[in-house]
Amino acid sequence: MKPVPVIIAVIVTAFLFFFVIQREQLLEFASGGSGDSAPEVAETSPPEETVESSTNVVRVVAIQSTARVIDSAVVLRGETEATRQLDVMAETSGLVISEPLRKGALVEAGQLLCEIDPGTRLASLAEAQARLASAKAAAPAAQAVVEQARAALEEARINDNAAERLSKEGFASETRVAATQAAVRAAEAGVSSALSGLESAQANIESAEAGVASAQKEIDRLKVFAPFGGLLETDTAEIGGLLSVNSPNGAHCATIIQLDQVKLVGFVPETEVNRVQLGARAGARLTDGNEVIGEVTFLSRAADETTRTFRVEITVDNADLKIRDGQTAEIIIASDGKSAHLLPQSVLTLNDEGTLGVRTVTAEKKADFVPVTMLRDTIDGVWLAGLPEAADVIVIGQEYVIPGVPVEASYQETNE
């Protein structure tokens, strides 16, 4: 057996004995003291109350903040939308005989867009007018027949009255009286027949007038006019092209959009819809950097079934037509002002429940947590609501204190 391992084992065992069992004596030997030096340490150490006080109080940096009233706003993302957009369709079929207008052209209300070949429509109108003239010519004859029938009825009644008086005096037979009464009934039937003929003649006139109006309307439909002024989004129908009302989109003449005013369309969440009012001032920044101002002209009363948001529209002037349909816009709608504090964003913190807030210094020189709501984020800081009118807000050291902990605050000046 070699002696070196044995010697090493003995040395390690002795070291462990003194390090574990005789630890205090070993430390005292290593420090070179004897235990009488302990009172000297006690004499130089500070009083117990002073040690406890310096340990519990936390030094922080705070600012004295005062609330101010700021304009609140509802911020949305939306898009621009033309005030009007319409696919102009022809109401009758036929070949186009007008020269096309190219897309991008400005048109005025009532301007001709498409004209269709009349074909036989003029002949149909002439035929309807001839029928009307014929019907009107037959009307006087029917009226004369009515007058004649009424005269015959009057004569029959006179004869009947005379026969009845003579019969009572014994100068006329009953046969004659019966004959005169039969003549009266025949005359009455003649009047009814004549009136029917007159009504038929009047009906023929009205039917002919309807035919003329229908033929004229069909001719009026040959020309398609712009219903409002705007910009052509598509070419009008090409000359020689066939417009057909019986095929889908076969009667399309042109598409017009009106852009002298545009709508900014956004969707307000239900948590903020009560902050938006009709007539409120609003503005938007477009993706090209252009900024526009208008007012709220529509706020939906019904929420979207999918997103539970409410459609809002803002009307903006666009006389120079710089704003296009479908541009993305960041919309800001003015709302009632709120009292808020302007503070550095770094003061924001979370409590154990995950609530956003700030740490403050109370009148008793203790730390406290106040929940806040962020209204607006600016380059100068964040506007926070929820704090009292005046508050000492901790700006350095807020992460090292909890509510109730004594603090010693030093204050720094604000840039307000």
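What follows is a short exchange about a predicted model.

Modeller: The model is predicted, with local features needing pLDDT of at least 70 and side-chain atom pairs counting only at pLDDT 80 or more, while totals for chains, interfaces and linings use all residues. Residues are numbered from 1 along each chain as its sequence is written, and side-chain values use heavy atoms, with hydrogens and water left out.

Biologist: Why are strand 15 and strand 16 called paired?

Modeller: Pairing requires that DSSP finds at least two bridges between two strands, a strand being a DSSP run of E of at least two residues and a helix a run of H or I of at least four, numbered from the N terminus. Five bridges join strand 15 (residues 356-361) to strand 16 (residues 367-371), so these antiparallel strands pair. T360 has D368 of strand 16 as its bridge partner, and K365, in the hairpin with five residues between the strands, takes a positive phi near 65°.

Biologist: What makes nine residues of the lining of the largest pocket nonpolar?

Modeller: Ala, Val, Leu, Ile, Met, Phe, Trp, Tyr, Cys and Pro count as nonpolar, Asp, Glu, Lys and Arg as charged, and the others, Gly among them, as polar; the lining therefore divides into nine nonpolar, two polar and seven charged residues. Strand 2 (68-89) supplies the largest share of this lining, six residues.
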